[in-house]
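Below are my notes on this structure, as numbered points. Please read them alongside the coordinates.

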Amino acid sequence: MAVADYTLLAQAGRARRGRLVLPHGEVQTPAFMPVGTQGTVKALTPVDLQTANVQMVLANTYHLWVRPGHERIRALGGLHRMMDWHGPILTDSGGFQVFSLKEFRKITEEGVRFRSTIDGQWRHLTPEVAVEVQEAFGVDVAMAFDECIEWPAERDHVARSTERTTRWLKRCMAARRAPESTALFGIVQGGMHPDLRAAHAAELAALDLDGYAVGGLSVGEPREDLFAMAELGASHLPANKIRYLMGVGYPLDLVDGVLAGIDLFDCVIPTRSARFGVAFTSRGRVTIKHARHRDDPGPLDPDCPCYACARFGRAYLRHLYTANEILAPRLLTLHNVTFYQSLMARIRAAIDEGPEALARLRTVATMWMKAEDGVADPESTE
Ligand SMILES: [Zn+2]
């Protein structure tokens, strides 16, 4: 069996429901991975993740490579054992973080030389190093090292960068030492140029990788370009492989990504927003510090099964948040992660039901984006 074995189970338009079998377990797709940058989904334990029905998590290669180091993680029995998370893990290649270190990096054909923000040391991230580090973690899925460029970018620059991404991908493929235990996903680039993106997706499809990601999006481009490029990229990828849209997004973005033919997502939005006191609920966003929650004993979201919603009222959550208590981000994160997993379950059920059910879910998710707690204009509520 393939190291990342994808089975397509149902389709509604371009939306796909499927099953991805990885070395550490099975993932029902479409699926959302919470982000565990430092080898922890901030504020949650692995038991919390299981209770929230999380199937798979993402960790960041850059952070874990610099600290505590891939050899130390290997010696500790790998990332799964260190984190005590025994479900599937995907790591990014580290490229995105390194490319964002604008003043402290030098890009060559070999790779990227950069100065770490954590220990001040100069390091060299190459396709070979990215694969070595991720295999040392022992993760289920390693992402290929790709070149990340800014938006907007000149067409020639995008074309040259996309070609380099393909060369780096081939070096990643050649560097693999554990292809039976760590899958390698390639990343489709091509900027916002439809012809470049389509050509790159077709080129990568021909390489018969374990899975594919659509990258270089959610970098500041208009929303409609993001989903047009995701759909275009997905349409050129093989139907029997998983498709992952990196770094997206809000609840409505997940619905639109699925409608574009995407199976897998990750984003810091649910966890980061929680730490800023913002919850995603079936009534729209809730900003817990708002004064109108001060005397409200009702739950954050009456439709949510999470511990925070089952046991605590908004008044108490607001009190914890305004008092800067550590329990506030913990409970809000638990809620948001649970809400995102519930949303993915609803999306999967809607795909089984058909295109009309998906369209209805999209209408609901559009309302969530516009509404703060059921109130259409959030600015007027405070
Ligand atoms: Zn909840």
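1. In this predicted model, the contact between α13 and α14 is made by L317, L320 and Y321 on the α13 side and by L327, A328 and L331 on the α14 side. Sorted by class, this contact comprises six nonpolar residues, with no polar and no charged ones.

2. The geometry of that pair is as follows.

3. Helix α15 is formed by residues 355–370, 16 residues in total. From its first C-alpha to its last it reaches 23 Å, close to the 22 Å expected at 1.5 Å a residue.

4. Which residues of α15 are buried? They are L358, L361 and W368. Viewed down the axis of α15, the buried residues fall within an arc of 65 degrees, so they line one face of the helix. E356, R360 and T363, on the other side of α15, are exposed.

5. The cover over the buried residues of α15 includes helices α10 (251–259) and α14. Strands also contribute to this cover, among them β1 (5–12), β2 (15–22), β15 (278–281) and β16.

6. Helix α8 spans residues 194–205. Its twelve residues should span 16 Å at 1.5 Å a residue, and the C-alpha atoms at its ends are 16 Å apart, so expectation and model agree.

7. R197, H200, A201 and L204 are the buried residues of α8. Their directions, seen down the axis of α8, fall within an arc of 100 degrees, which means that they line one face of the helix. What covers these buried residues includes α7 (155–175) and α9 (223–235), together with the strands β11 (183–188) and β12 (211–214).

8. Is A291 buried or exposed? A291 has 10 C-beta neighbours inside 10 Å, so it counts as exposed, the cut-off for that class being 12 or fewer. The residue is found in the loop between β16 (284–287) and α12 (307–311).

9. A291 and L9 are 282 residues apart along the chain, and their C-alpha atoms are separated by 47 Å.

Definitions and conventions
Residues numbered from 1 in each chain as written. Predicted model: local features only at pLDDT ≥ 70, side-chain atom pairs only at ≥ 80, totals over all residues. Helix = DSSP H or I, 4+ residues; strand = E, 2+ residues; numbered from the N terminus. Expected span 1.5 Å × (residues − 1). Buried ≥ 20, exposed ≤ 12 C-beta atoms within 10 Å, placed from the backbone. Arc of directions from axis to C-beta. Contact = placed C-beta atoms within 7 Å. Nonpolar A, V, L, I, M, F, W, Y, C, P; charged D, E, K, R; others polar.
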